[in-house]
Structures are given as structure tokens and as C-alpha cells.
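Work through the exercises below with the sequence and the model side by side. Try each task before reading its solution.

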Amino acid sequence: MILKVSRLGHPVLRRPTEPVSPEELATPAFQRFLDDMADTMREYDGVGLAANQVHVGKLAAVIESEAHPKYPDEPPVPLTFLVNPVIVERSPETVDGWEGCLSVPDLRGKVPRSRWVRVRALDRRGKALELRAEGLFARIIQHECDHLAGGVYLDRMPDLKTLSFTLEQARFGGAG
Ligand code: NI
């Protein structure tokens with residue numbers, strides 16, 4: 001099922017989300033919700049989606065980037081569910097890259113992110129998961145973890161001058 005996406009200004013985006021218990025994670029209702037999150041992300045051509053972006057204040061996100069036209073130079077990221085994710089280590093070095101967000105439609109901006117992160121989470125079956133991600137995968141993880149803490153990528157932009165409409169950014173390359 002395709003869920004309604006919350007847009008900037010809805011308070012649910014600014015509220016930190018609550019951990020998911022293993023019991024709740026195992027329920028058919030929550031499993032269906034995870035499927036719905038994946039369906040919704042794909043429907044709107046996103047590469048990640050956090051639960052509060054679909055009005056559910058739970059610490060869960062989905063990520064996937066299969067040879068995405070918006071990120072042609074990046075290797076694909078397989079469908080990954082992160083439940084109760086925590087970034088336990090990150091590179092001190094940051095890289096600037098363009099980000100957009102389904103809750104901030106039509107806009108993109110340049111955001112510095114750690115080049116790599118190590119994240120601990122549960123997978124959708126409740127199994128402990130630890131992974132090290134870099135490049136686009138690391139960027140998406142950081143973007144989604146910000147959402148789950150009540151943040152959006154605009155909060156991380158050191159210079160709002162790069163903020164561009166997607167169409168204009170594709171056409172002109174974006175300021176900066
Ligand atoms: Ni987003």
C-alpha cells in the first residue's frame with residue numbers, strides 16, 4: 001500500500017521517533033508497515049524513507065538505490081530495512097553531495113556527510129545487524145537517521161545558496 005508522505009511543516013517530521021520492540025517488530029501489522037514503506041519509497045522514486053515521513057513515530061527506515069537515474073555514478077544499494085539504527089562510528093572526513101527529500105519536494109541542496117559510517121540496527125526479522133557503508137549508502141543512512149531524530153537535510157546545509165529546484169539543478173548544475 002502506498003502511504004501518504006508528510007511534508008516539511010508537519011510536526012511529525014520534527015519529533016524524535018520511538019524504538020521498536022522486538023515483539024512489535026514481529027507483528028504482522030509492523031511487517032506490513034515495512035512493506036508499505038518500501039512500496040511508498042519506490043512509488044515516489046526515493047532512495048530512502050523514514051517512518052515519520054509516513055506519519056509513524058517509530059525508529060525504522062528503508063533504503064534502496066538500484067542504479068538510480070538521479071545517482072548514475074553510484075553503485076546500487078540493495079533493499080535494506082534498518083530498525084532502531086544507531087550510527088556507532090563515522091569518518092571524521094566529510095564529503096559534499098546533493099540531497100533531496102520526499103518531504104521537501106522538488107528541491108535539492110548540497111550537504112556535507114561523513115564519507116563512511118558504521119551502523120548497528122535490527123533487520124526486519126529482528127536479527128542484529130552491523131554494517132559499514134560508504135558513498136551514497138552512507139549518505140542515505142545519515143539522511144534517514146537525521147529524520148528519525150527529528151531532523152531534515154536542510155538543517156545540515158552550511159550554505160543555503162546551493163538550495164535548488166531539481167529541474168534547475170539538473171539543467172545548470174546548481175550553484176556551488
Ligand atoms: Ni528525506
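## Ground rules

The model is predicted: local features need pLDDT of at least 70, side-chain atom pairs count only at pLDDT 80 or more, and totals for chains, interfaces and linings use all residues. Residues are numbered from 1 along each chain as its sequence is written, and side-chain values use heavy atoms, with hydrogens and water left out.

## Exercise 1: the nickel ion

Task: Find the protein donors of the nickel ion and state their spacing along the chain.

Solution. 
- Step 1. Apply the cut-off: donors are N, O and S atoms within 2.8 Å of the metal (3.2 Å for Na, K and Ca); water is not among the atoms, so sites may look incomplete.
- Step 2. List the atoms. SG of Cys101, NE2 of His143 and NE2 of His147 lie 2.1 to 2.3 Å from the nickel ion.
- Step 3. Read off the spacing, which is C-x41-H-x3-H.
- Step 4. His143 and His147 are about one helical turn apart because they are four residues apart in helix H3 (residues 135-148). Helices here are DSSP runs of H or I with at least four residues, and strands are runs of E with at least two, numbered from the N terminus.
- Step 5. Check burial (buried is under 20% relative accessible area, exposed over 50%, partly exposed in between; 1.4 Å probe, protein chains only). Cys101 is buried at 9%, His143 is buried at 8%, and His147 is buried at 0%.

## Exercise 2: the cysteines

Task: Decide how many disulfides there are.

Solution. 
- Step 1. A disulfide is a pair of cysteine sulfur atoms within 2.5 Å.
- Step 2. By that rule the count is zero. Cys145 is in no disulfide, and the nearest cysteine sulfur, that of Cys101, is 14 Å away.
- Step 3. Cys145 is also buried, with a relative accessible area of 17%.

## Exercise 3: helix H2

Task: Compare the span of H2 (residues 28-43) with the expected span, and say what covers its buried residues.

Solution. 
- Step 1. The expected span is 1.5 Å times one less than the number of residues.
- Step 2. H2 has 16 residues and reaches 22 Å from its first C-alpha to its last, close to the expected 22 Å.
- Step 3. Buried residues of H2 include Phe30, Phe33, Leu34, Met37 and Met41.
- Step 4. Contact means heavy atoms within 4.5 Å. The cover includes helix H1 (22-26) and strands E1 (48-50), E2 (60-65) and E3 (77-90).
- Step 5. After H2 comes Asp45, with a positive phi near 60 degrees.

## Exercise 4: strand pairing

Task: Trace the partners of E6 (residues 116-122), then give the strand order of the open sheet that holds E5.

Solution. 
- Step 1. Two strands pair if DSSP finds at least two bridges between them.
- Step 2. E6 and E7 form a hairpin with five residues between them, and Gly126 in the turn has a positive phi of about 90 degrees.
- Step 3. Five of the seven residues of E6 are buried, so E6 is largely enclosed by the rest of the structure.
- Step 4. The open sheet has the order E4-E5-E8, with antiparallel pairing. Its edge strands are E4 (94-101) and E8 (164-165), each pairing on one side only.
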